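Please read them with the structure open.

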Amino acid sequence: GMQAVMASDFSLGRFRFLKRLLFVHGHWNYDRLTRLVLYMMYKNSVYVFLLFWYQIYNGWSASVSIPQLLLFFYNLFFTSLPIIVVGIWDQDVTESVLESYPVLYNDGRKGTKYSRLLFWLQIFDALWQSLVMFFVSYWAYADTDVGRLEFGTLQNTVCVVTVTIHLMLEMHYWTWVHHFVVWGSLIFYFVWALSVDAICCFPGQDNSYFVTEHAIQASNFWLCLFITPAIALLPR
């Protein structure tokens, strides 16, 4: 018996523990994993589409308007922690409900929360949101002398705010950890952008000195920041 336990991947001290393991933790794990995968595909697709629309107006030169440090840290810092917290702690249904209604375990057994339809819905959602993010900003700054990096900073800011609010709408369970990470990520983004742009430049990087500081002084910046997420997330 002990050798079998040591050689196994999982072991249970009592068979009665199996019910909780499957019906509660099994359901939560499936729900968290599917939403994590779909959200990661969505938020990265949004960013790729956002960069793509800019190519239409720059002669397909493959250059980007977003400052390189903001571009690099989009996935690493600005949008990573909230979805990690959801993937660890979120609960779509309470423990007592899952134990009382074992039929809910069928969601994972039948794969109802991750399918081709849901995948393509996320992609089309990302396509729609990227169109709104880019062209609302484009029309807001039409016939102005806005610089490339200033326009890119707006695009990046709108994108980070929109995908974070999108995740907030997807959350079923809020704790102090969720609040701390979600709001902390948004605050960290603005602090980072302002702090980095206050430094003259970095070797090999775009010179975005005081770009963010200058961008936030424009009323169009705040107009786009509030209107764009509302329109982009309207279908949800």
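**Notes on helix packing, cavities and pockets**

1. Helix 2 spans residues 17-55 and helix 4 spans residues 80-89, and their axes come within 8 Å and cross at roughly 160°. Helix 2 is therefore roughly antiparallel to helix 4 (the term applies to angles over 145 degrees). Axes here are lines fitted to C-alpha atoms, for helices over the stretch in contact, with angles from 0 to 180 degrees between N-to-C directions.

2. The model is a predicted one: local features need pLDDT of at least 70 and side-chain atom pairs count only at pLDDT 80 or more, while totals for chains, interfaces and linings use all residues. Residues are numbered from 1 along each chain as its sequence is written, and side-chain values use heavy atoms, with hydrogens and water left out.

3. Which residues of helix 2 and helix 4 make the contact between them? Helix 2 brings Arg32, Arg35, Leu36, Tyr39 and Met40, and helix 4 brings Ile83, Val86, Gly87, Ile88 and Trp89 (contact means heavy atoms within 4.5 Å). This set holds 7 nonpolar, 1 polar and 2 charged residues (Ala, Val, Leu, Ile, Met, Phe, Trp, Tyr, Cys and Pro count as nonpolar, Asp, Glu, Lys and Arg as charged, the others, Gly among them, as polar).

4. On the overall fold, the protein has 11 helices and 0 strands (DSSP runs numbered from the N terminus: H or I of at least four residues for helices, E of at least two for strands). Its C-alpha atoms fill a box of roughly 75 × 35 × 35 Å along the principal axes.

5. Helix 8 packs against helix 11 (residues 219-232) at about 40°, the axes being 9 Å apart. This crossing is right-handed. From helix 8, Leu154, Thr157, Val158, Val161, Thr162 and Ile165 meet Phe221, Cys224, Leu225, Thr228, Pro229 and Ala232 of helix 11. The contact of helix 8 with helix 11 contains 9 nonpolar and 3 polar residues, and no charged ones.

6. The largest pocket has a volume of about 220 Å³ (on a 1 Å grid over the protein atoms alone, an open set of points with protein on both sides within 12 Å along at least five of seven lines, lining residues having an atom within 4 Å of a point; points are joined across faces, edges and corners, and the volume is the space filled by probe spheres set on them). It is lined by 15 residues, of which Arg35, Leu38, Lys113, Gln122 and Glu170 are the closest to its centre. Helix 2 gives the most to this lining, 5 residues. By class the lining has 7 nonpolar, 4 polar and 4 charged residues.

7. The second largest pocket holds about 160 Å³ of space. Among its lining residues are Tyr54, Tyr57, Phe134, Tyr138, Tyr141 and Phe151. The lining divides into 8 nonpolar, 1 polar and 1 charged.

8. The whole structure has 2 cavities of 30 Å³ or more (points where a 1.4 Å probe fits but cannot get out). The second largest cavity, of about 30 Å³, is lined by Leu50, Leu51, Tyr54, Ser65, Ile66, Phe134 and Gln155. Helix 2 supplies the largest share of this lining, 3 residues.

Technical notes: Angles under 35 degrees count as roughly parallel, over 145 as roughly antiparallel, 65 to 115 as roughly perpendicular and the rest as oblique. A crossing is left-handed if the near helix is turned anticlockwise from the far one by less than a right angle, and right-handed if clockwise.
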